[in-house]
Amino acid sequence: MKKTTTVLAILLCAVLLVSLAACDDAGSAGKTSGPTGSTAGRESSPEPKQTEPESEPGEAAEPASAPPEPAASDSTILVVYFSRTGEQYTVGVIDKGNTAIVAEMIAEQTGADLFEVIPADDHYPMTYDELTDVAKREQNENARPAYAGSLPDLSRYDTVFIGSPVWWGDWPMILYTVFENNDFSGKKLIPFSTHEGSGLAGFDCKLATACPDSEILDGLAVRGNDTQNQQEQVRDSVNDWLAGLGY
Ligand SMILES: Cc1cc2nc3c(=O)[nH]c(=O)nc-3n(C[C@H](O)[C@H](O)[C@H](O)COP(=O)(O)O)c2cc1C
């Protein structure tokens, strides 16, 4: 526990130290419930390591009656989120991730479709201290961890909510894989975070940098602990925020 406290203290200090350096896009004002943090901007555009799915094995000779597409809703709103179970800060071991809870609330309120970003090779440890080490290493390496599957056909959606935990004052690196491997141009993108002090952590302006041809709307930051222990208050906040955005 001492190590956990030390890790978080270092982590939050780092977040505070860099918060002034990034997100100089003053026009992107997300709601935050804690200090905004971020890492320094990534000047270069690294080659995404995520690869396109292999060409469909076994699907070459398609019979006349192709299997039906999975039932698609007619929603024009998609919620893309990343979230971890296991041991998380202040909440112990959880079987539904904090961000997943918020993502589902957004989907329930808006009728949106949900897409969970799941690591292709789930190398993330289930213990908090180990997870912070792996996440820090990925950030230092500017990694682009691959995710399983593909987002649904984005042409169907005009609005995409994108949410994740704050990791070391930034989006987890796997989200940068998502930003770089998909075309969000012309869409409204709405970031949301769960965190334990960093608020939205500049998610909005980092998203604007990663997806310059999208419109970024005001984001929402929710305390991770509240998603587990104050769910009705969180739901009210989510619904108020959605109403303010016109959803
Ligand atoms: C690797 C890692 C790094 C984190 N970095 C931060 C941080 O910089 N600022 C912060 O407020 N919380 C930080 N946290 C806390 C998480 O953002 C918070 O617990 C979040 O709600 C977890 O969401 P999830 O259950 O959806 O994964 C970190 C947690 C982990 C595991």
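Reader: Which residue in E7 is the bridge partner of Leu189?
Author: First, a heads-up: this is a predicted model, where local features need pLDDT of at least 70, side-chain atom pairs count only at pLDDT 80 or more, and totals for chains, interfaces and linings use all residues. Numbering starts from 1 along each chain as its sequence is written. Strand E6 (188-195) pairs in the parallel sense with E7 (residues 215-216) over two bridges; strands are DSSP E runs of at least two residues, helices H or I runs of at least four, both numbered from the N terminus, and pairing takes at least two DSSP bridges. In E7, Leu189 has as its bridge partner Ile216.

Reader: And which residue in E8 is the bridge partner of Ser193?
Author: E8 covers residues 220-223 and runs parallel to E6, with four bridges joining them. Ser193 is bridged there to Ala221.

Reader: How many residues of E6 are buried?
Author: Buried means that 20 or more other C-beta atoms, placed from the backbone, lie within 10 Å of a residue's own. Across the protein, 39% of the 247 residues pass that test. E6 is mostly covered, and of its eight residues the number buried is seven.

Reader: Which element gives the largest share of the shell around the ligand?
Author: The ligand is surrounded by 27 residues, counted when the C-beta atom, placed from the backbone, lies within 6 Å. Helices H1 (2-18), H2 (98-110) and H3 (128-140), plus E6, each give two or more. The largest share, four residues, comes from H3.

Methods: Buried ≥ 20, exposed ≤ 12 C-beta atoms within 10 Å, placed from the backbone.
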